[in-house]
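Please read the following walk through a structure with the sequence and the 3D view side by side. The text moves from domains to helices and then to single residues.

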Amino acid sequence: MPLVVGWAEALRGPPYKTPRRPVPEYRMPKFTPKHPLLIRITHWINVPVLSVMVWSGLLIYWAYDPYQIQIAGVVVVRFFPQWFYGALDLEYGLATGMAYHFAFAWLFTINGLVYVTYLLRFGEWRVLVPKRRSFREAWHVVLHDLRLRKQPLPPAKFNAAQRFAYTGVILMAAESVLTGLAIWKPTQLWWLAAAFGGYQTARLLHFALMIGFVLFVVIHLAQVAKAGWNNFRAMVAGYEIFKSNKE
Amino acid sequence: MSQPSSAPVEGIEATPAQLRRWSRRAFCAWAAAGLAGFGAWRWLRTRAAVDGLPWPLRAAHRWNERVFGAGFSTSRLAPEYPRERAGEPKPNGRYGRPAAGWAIGPIQAEQPGEPLRVLSAAEIVAGLPRVEITTELKCVEGWSQIVTWGGVSFADFARKLGTNAERHPYVSLETADGTYFVGFDMPSALHLQTLLCDSMNGEPLSLNHGGPLRLISTVKYGIKNIKWLGRIRFVDERPSDFWAEQGYDWYAGL
């Protein structure tokens, strides 16, 4: 029992409950809370759950894979070439894919609902949802990240581009669940399939959202690598460390 | 994403040693959580298989069946389309297809405690109101095709037997040679768009598409829409199902 309690405490991170005094100047390093425990838990649960959803979804998609991107009649991207299925062992797995997909869909949905409920209940959405001035700032962030603009970004927990990305990915998740339900139960939930333009359109949307998630993850990982250790640690331990502000 | 956080006005002061300890403890705790998750995955992957699926995934299928079965309505219908949009579906299933030149026999209807009924396809549809629906057939593979189906409602047929056949919780439908067989839960069998079908796109149902009589249901994937119907059994036990034995969901409900 003490082991479990100790583990849970360690999971939570530093003791935020200790009394805090505002200190205008300090020489000691300070740590400051960044990501609440529940946000870290739902974030990390999403890593394996979303991976299983994408993998099992590809097993299902393999059985009927008509999507491609054409420009002026020329196939630019084909989802997917044969080597892709072969390399990732995605062939002949429709039954397996459906079984994992419809089981893990519950975890994905419940995890998302817990996360969004937390955002709403504890006001965390305020630092996440774009504000009016985020539109212009997001452009600055893009230029800054592409090294086209030197000026430093205004300090904030999430910059404007992050606000768009993180809010967008929540909306994508919601739409994935809804399009997924629409193609899972297209008769009993016929109105939901109709709302997405019919069964095949809902399936296409569901697929496009998956591609969106994969692109999000690629950019997210690149940005995390670029942001460095302090930022990464915050998603594990919950806090960031600042060295003395008095030189 | 590369932003520094806001200035640490509210931070807690700590010695570097304290910070290292906290950081180390947090990483160890999360690594333990990750290991536990990996263990759960390994556990799931190594469970004994029931009809080709680890049993927890079978249980998940049954759970989904209960959840969606609870809200199931026999009168909530799949959308219908104009007849002009109908086309020919890919004739995927071939299991149970009668060999060329074989005469297709009558259909046996069975029910516990009742004498066996042997009926030709014509006798089955005789005297029942004709139903024609233009709906989207959905293959478990993911493709779909709008088709006009004609026949009689399965519910009407079950009631015509006059033996309360619809009180049994399940129906087993089989080809004459027994090589293909599907199981239906009774609510799905009694759905208003579950038909004993003898015509497709205005023509008599061809052999290729399951003629003379097949089942059509808008609440099931194509795999349950059995062709070359030879035997209808009203049963109290969950009947076996060809594709469910190959790792698919028994319910396969839409």
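In this predicted model, the C-alpha centres of domain 1 and domain 2 of chain B lie 49 Å apart. Domain 1 of chain B covers residues 17-46, while domain 2 takes in 49-91 together with 106-246.

Chain A has nine helices and four strands. Read from the N terminus, their order is α-β-α-β-β-α-α-α-α-α-α-α-β. Along the principal axes, the C-alpha atoms of chain A fill a box of roughly 65 × 55 × 40 Å. Of the 247 residues in chain A, 28% are buried. If we take the contacts in chain A between residues at least 6 apart in sequence, 67% of them join residues at least 24 apart.

The two chains can now be viewed together. Two packed helices are described by the angle between their axes and the distance between the axes. Helix α1 of chain A, residues 2-12, packs against helix α1 of chain B, residues 16-45, at an angle of about 110°, and their axes are 7 Å apart. Angles of 65 to 115 degrees count as roughly perpendicular, and α1(A) and α1(B) are therefore roughly perpendicular to each other. The crossing of α1(A) past α1(B) is left-handed. Which residues of α1(A) meet α1(B)? They are A:W7, A:A10 and A:L11, and the residues they meet in α1(B) include B:R25, B:A29 and B:W30.

Helix α2(A), residues 37-62, and α4(A) have axes that come within 8 Å and cross at roughly 155°. An angle over 145 degrees counts as roughly antiparallel, so α2(A) and α4(A) are roughly antiparallel to each other. Here too the crossing, of α2(A) past α4(A), is left-handed.

Helix α4 of chain A spans residues 94-121 and contains A:L119. Is A:L119 buried or exposed? A:L119 counts as buried because it has 21 C-beta neighbours inside 10 Å; the cut-off for a buried residue is 20 or more. Leaving aside residues up to four places away in sequence, A:L119 touches A:E124, A:W125 and A:L128. A:W62, by contrast, is 57 residues from A:L119 in sequence, and their C-alpha atoms are 36 Å apart in space.

At 1.5 Å a residue, its 12 residues, 134-145, should span 16 Å, and the end C-alpha atoms are 16 Å apart, which agrees. Just after α5(A), A:R147 takes a positive phi of about 60°.

Some backbone details remain. The peptide bond from A:F79 to A:F80 is cis, with omega near -5°, and A:F80 is in the loop between β3 (74-78) and α3 (82-88) of chain A. In chain B, B:G211 and B:P212 are joined by a cis peptide bond with omega of about 10°. B:P212 sits in the loop between β11 (203-204) and β12 (214-217) of chain B.

B:D51, which is not a glycine, has a positive phi of about 50°. B:D51 is in the loop between β2 (49-50) and β3 (53-54), and counts as partly exposed because 16 C-beta neighbours lie inside 10 Å. B:A252, also not a glycine, has a positive phi of about 45°. B:A252 belongs to the segment after β13 (229-235) of chain B, and with 24 C-beta neighbours inside 10 Å, B:A252 counts as buried.

Conventions
Residues are numbered from 1 along each chain as its sequence is written. Chains are lettered from A and ligands numbered from 1 in the order in which they are written. This is a predicted model: local features need pLDDT of at least 70, side-chain atom pairs count only at pLDDT 80 or more; totals for chains, interfaces and linings use all residues. Helices (H or I, at least four residues) and strands (E, at least two) are DSSP runs, numbered from the N terminus. The expected span of a helix is 1.5 Å times one less than its number of residues. A residue is buried if 20 or more other C-beta atoms lie within 10 Å of its own, exposed if 12 or fewer, and partly exposed in between; C-beta atoms are placed from the backbone. Two residues are in contact if their C-beta atoms, placed from the backbone, lie within 7 Å. Domain bounds come from an automatic or database domain assignment. Axes are lines fitted to C-alpha atoms, for helices over the stretch in contact, and angles run from 0 to 180 degrees between N-to-C directions. Angles under 35 degrees count as roughly parallel, over 145 as roughly antiparallel, 65 to 115 as roughly perpendicular and the rest as oblique. A crossing is left-handed if the near helix is turned anticlockwise from the far one by less than a right angle, and right-handed if clockwise.
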